[in-house]
Amino acid sequence: MNSWANIKTITKRELGAYFSSPLAYVFIVIFLLLCGFFTFMVGGFFEIGQASLSRSFFDWHPWFYLFLVPAVGMRLWAEERRVGTLELLLTMPITAWQAIVGKFLASWLFLALALALTFPIVITVNYLGNPDNGVILAAYIGSWLMAGAYLAVSCITSAMTRTQVVSFIVSVVFCLFLILAGFPPVVKMLSGWAQPWLLDTVTSFSVITHFDGFQKGVLDSRDVIFFLSIIVFSLFATSVILRGHRAG
Amino acid sequence: MIKVQNIVKVFGAKRAVDGVSFTVERGEVLGFLGPNGAGKSTTMRLITGFLPPTSGAVSVGGFDMVEQPIAAKRLIGYLPENAPVYTDMTVHGFLNFSAEIRGLRGEAKKKAIRRAVEMCFLEPVLHQSVETLSKGYRHRTCFAQSIIHDPEVLVLDEPTDGLDPNQKHEVRGLIRRMGASKAIIFSTHILEEVDAACTRAIIIDRGRIVANGSPQELRRKSEWAGAVTLRVTGINAVALSQRLTQLAAVRKIVILHEDSAGVTARAFPKSDVNGNLARSIAESAQGWRIEELHTEEGRLDEVFRSITMPDTVKAGGK
C-alpha cells in the first residue's frame, strides 16, 4: 500500500524530470524519425508488399534501442550521484527498492509513450491491407519488454558511475552483447565450430531470439520470463551496487 | 531522541569516524564543530542512515537506524552538505515531491508547503526552476525540504554555508526557535554560530570527540578564561608588570600595547582563582588610573585551535 504510494511519487517526479528537459522531446523525435526512415526507406515496407510490420518495422527495434535506451537510462542514477541528491533520496523514508523500481518504471513508461507514438505506422498498414492486428500487438508488447530489459541494464551502468557518458557507453556495450548473441551472422559463424549446446546457450541470451516469437504473434511465457528476469536481475544488481557505494 | 553509540566508519584504510558516542534530547541544539575532514559530515550521514556504520549503532526516537530505517527516517529532517536539490524541478515542484514522499497529501500537504515556504522566504522564487536560482535560494530550498514535515529531529550539515550575513542571522534564529521543541544537530565551522544557536557543542577531530559541553563550559577550557584585560594611565609598562606580578592571584602578565597615553595589558589568573582577579587588580591601583577593565570569558576559537592544533599543523599550518 504505502510502498506503492512511494513508488508512484518517485515515478511521477522522474517522469516530470524527463519532460522538463529537452531530452524527452529530442528522444521522441529521433526515435520516430528513425522508425519512419528505416521502415519505409531501408526496410522496404512498400517493396515487400505484405500487410505486416514484422520485417520492415519491428526488426529494427533491437538496434534502435541499442543507442536510444541507454540514452534514456544513463541519467537515472549517475545524475543523482553527481548532484548529490542521492543522499537526499536515500535518507527519505523509503527503501532503496522503492526508489529503484520507481525510477525504472518512470523510464519504462516514457519508452512506452515513445513506442505508442509510432501508431501512424499501424494505421498505414491497416489502410493499405488487412494485417493481423493481434500479431502487431504482440510485437509491440515484445518490443516494450525488450526496451525494459535494455533499460534495466542501463540502470546498472548508471548506478556504477557518476558520469552519464561513461554509463551510456558501457550500457551500449552490454546491450550489444545481448543483440549479437542471436544476430544471424554471428550465429552462423558460431555454428561452424561450436557444439550445439554451446550455440543454444549463447543464443538463448539474445534479445533477438526471444523477440522473434513476439514478432510472429506468439506470446511464449519463456520469452516473457526471459525479459522479465533480465529486468529483475538487473534491478537487483543496481541495488547491490548502490549499497556497495555506501558500505565504504 | 538521537542516540549514537560508539559508531565507527571505515573507508578503505581510513577510519573516518572512530568510536563516536553522544545523545541529543528534545529541546537541545547540538553544534558539531571540527576542522575540515574531521568526520562531521560522515557522522551526520551515519545518523541519517545514508551510510551504514562499520560498527556501533544509531537510534532515532527509539528506532534503530539499521533495524527499522523507515520508522527512524520518518522522524528526521536532513539538510545534506552543499544542499543538493533536483535542478530539473521548480521550487514548488521539489517541495511538493518532498511532502509527498513524507506521506503528506491534500490539504495537509498544501499547508506544509506554505509553512516551509514562509519560514525559508521562498515566496519570490516559488515557481522558478531550481537551476536558475542563486546559491542562497537553492540552499534555502533544500532547507525547506528538511523542515517540510515538521520533523522531531533535524540534522543540518552546514546550514548557513553560502548564505549572506542577513540570511545567516535568520537561519540561526530559526534553528534556535525550532530547538525548543526538537532535537537538532548542526555542523558548522563558524564559531559564533555555536554561541548564537547552540545549547551544547561537540568538537570532533580525526574521527573522535575531543570536547563535549555547553559553549560556556568549552570556553572555560580556554587559556584566556578568567584573564583580565586592562588599560591604565599614569604608569609605564615595566612598573605595571612589576606591580601586578606581586598580586597573589596573577600567574602571568602580558603587555599588549604601550603608547604615550597609557598601557594595555592582560593578566592571566592562577588556575585556582576565579572571578576575583579583576577586583584585586582594581584594589591594587595606587598612583595610576584604570581606564578599562574587563574579565575575558575565554574564546571558543582559541579552544578550538588548541584542541585540534596537531592536525592543522600537519596540514601546513592553515
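These legends walk through several close-up views of a predicted model.

**View 1. An open sheet in chain B.**
Let us begin with four strands of chain B, which make an open sheet in the order β2-β1-β4-β5, with antiparallel pairing. Strands β2 (14–24) and β5 (63–64) of chain B each have a single partner strand and stand at the edges, so one side of each has no neighbour in the sheet.

**View 2. Strands β1 and β4 of chain B, side by side.**
Here strand β1 (residues 2–11) of chain B runs antiparallel to strand β4 (residues 55–60) of chain B, and 5 bridges join the two. You can follow the pairing residue by residue: B:Lys3 has B:Ser59 of β4(B) as its bridge partner, while B:Val4 is partnered by B:Val58 of β4(B).

**View 3. The hairpin of β4 and β5 in chain B.**
Moving along the sheet, we find β4(B) and β5(B) joined by 2 bridges and running antiparallel. One bridge partner to look for is B:Phe63 in β5(B), which pairs with B:Val60. The two strands, β4(B) and β5(B), form a hairpin with 2 residues between them. In the turn sits B:Gly61, with a positive phi of about 60°.

Helix α6 (residues 165–179) of chain B has 15 residues, which at 1.5 Å a residue should span 21 Å; its end C-alpha atoms are 21 Å apart, so the two values agree. Which residues of α6(B) are buried? They are B:Val171, B:Arg172, B:Ile175 and B:Gly179. Looking down the axis of α6(B), you would see these buried residues fall within an arc of 100°, so they line one face of the helix.

**View 4. Where chain A meets chain B.**
In this view, 21 residues of chain A are in contact with 25 residues of chain B. On the chain A side, the elements giving two or more residues are α1 (2–20), α6 (85–90) and α14 (221–247) of chain A. Of these, α1(A) gives the most, with 6 residues. By type, the chain A residues on this side divide into 8 nonpolar, 10 polar and 3 charged.

Although A:Ser3 and A:Ala99 are 96 residues apart along the chain, their C-alpha atoms are separated by 9.9 Å.

In soluble globular proteins, nonpolar side chains tend to be buried together. The largest nonpolar core here has 133 residues, and A:Ala149 and A:Leu151 have the most contacts inside it. Helix α9 (residues 133–160) of chain A gives the most to this core, with 16 residues. Leaving aside residues up to four places away in sequence, A:Ala149 touches A:Val207, A:Phe227, A:Ile230 and A:Ile231. Another core, of 14 residues, lies apart from the largest one, and among its members are B:Val250, B:Ala265, B:Leu277 and B:Ile281.

Technical notes. Residues numbered from 1 in each chain as written. Chains lettered and ligands numbered in written order. Predicted model: local features only at pLDDT ≥ 70, side-chain atom pairs only at ≥ 80, totals over all residues. Pairing = 2+ DSSP bridges. Contact = placed C-beta atoms within 7 Å. Nonpolar A, V, L, I, M, F, W, Y, C, P; charged D, E, K, R; others polar. Core = buried A, V, L, I, M, F, W, Y, C linked by C-beta atoms within 7 Å. Buried ≥ 20, exposed ≤ 12 C-beta atoms within 10 Å, placed from the backbone. Expected span 1.5 Å × (residues − 1). Arc of directions from axis to C-beta.
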